[in-house]
Amino acid sequence: MHLSLRDNLPFVDVIITQAGKQIEIQNVLVDTGSGGTIFSADKMEQIGITPQIDDVLHHIYGVGGSEVVFMRRVEKIQVGEYIGLELEIEVGGLDYGFELGGILGMDFLLASGARIDIQQLTIEFQS
């Protein structure tokens, strides 16, 4: 699968399925420097993933600062032909000053057996 390069950063499109609802999320950063996978709360709300009163909130920290997120297990995350089932994600604001639908972090990349070829700008997954 081809990686789109914007501002020298690699992006893909992702499809998330939850409770029979599906959303395609564009501008998802492939980030080996992020431990976790996070998606925009605005996007997740469209498929019924919203904060609940009993959610435990977590602070995450990165180069861009800190953010409060909640966790959810989603039925399916699809990137190209690869489909990951029953994966835990973080959901947060992702207000970093540019359009960002989510971040595929090392948890997803390791679980999927991702292989990134920087020369060819491709990402492949174990079958």
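## Salt bridge and fold

R72 and D55 form a salt bridge, with their closest N and O atoms 2.9 Å apart (a salt bridge is a side-chain nitrogen of Lys or Arg within 4 Å of a carboxyl oxygen of Asp or Glu). The model is predicted, so local features need pLDDT of at least 70 and side-chain atom pairs count only at pLDDT 80 or more, while totals for chains, interfaces and linings use all residues. Residues are numbered from 1 along each chain as its sequence is written, and side-chain values use heavy atoms, leaving out hydrogens and water.

A search of the whole structure finds one salt bridge. The pair links distant parts of the chain, 17 residues apart: R72 is in strand β6 (residues 65–79), and D55 is in the loop between α1 (41–45) and β5 (58–62). Helices (H or I, at least four residues) and strands (E, at least two) are DSSP runs, numbered from the N terminus. R72 counts as buried at 17% relative accessibility (buried means under 20% relative accessible area, exposed over 50%, partly exposed in between, with a 1.4 Å probe and protein chains only).

The chain has two helices and 10 strands, in the order β-β-β-β-α-β-β-β-β-α-β-β. Of its 127 residues, 41% count as buried. The C-alpha trace spans about 45 × 35 × 20 Å along its principal axes.

## Aromatic rings

The structure holds three aromatic pairs. Rings of Phe, Tyr and Trp (its six-membered ring) pair if their centres lie within 6.5 Å; planes under 30 degrees apart count as stacked, over 60 as edge-to-face and the rest as tilted. Two of the pairs share F108, as the table shows.

| Pair | Centre to centre | Angle of planes | Arrangement |
|---|---|---|---|
| Y82 and F108 | 5.8 Å | 80° | edge-to-face |
| F108 and F125 | 6.1 Å | 75° | edge-to-face |

Y82 lies in strand β7 (residues 82–92) and F108 in helix α2 (residues 106–111), so their pair ties together parts 26 residues apart in sequence. F125 is in the segment after β10 (122–124), 17 residues from F108. Y82, F108 and F125 form one aromatic cluster. Y82 is buried at 17% relative accessibility, F108 is buried at 5%, and F125 is buried at 12%.

Elsewhere, the charged end of R6 sits over the ring of F11, 4.1 Å from its centre. For this, NZ of Lys or CZ of Arg must be within 6 Å of the ring centre and within 35 degrees of the ring normal.
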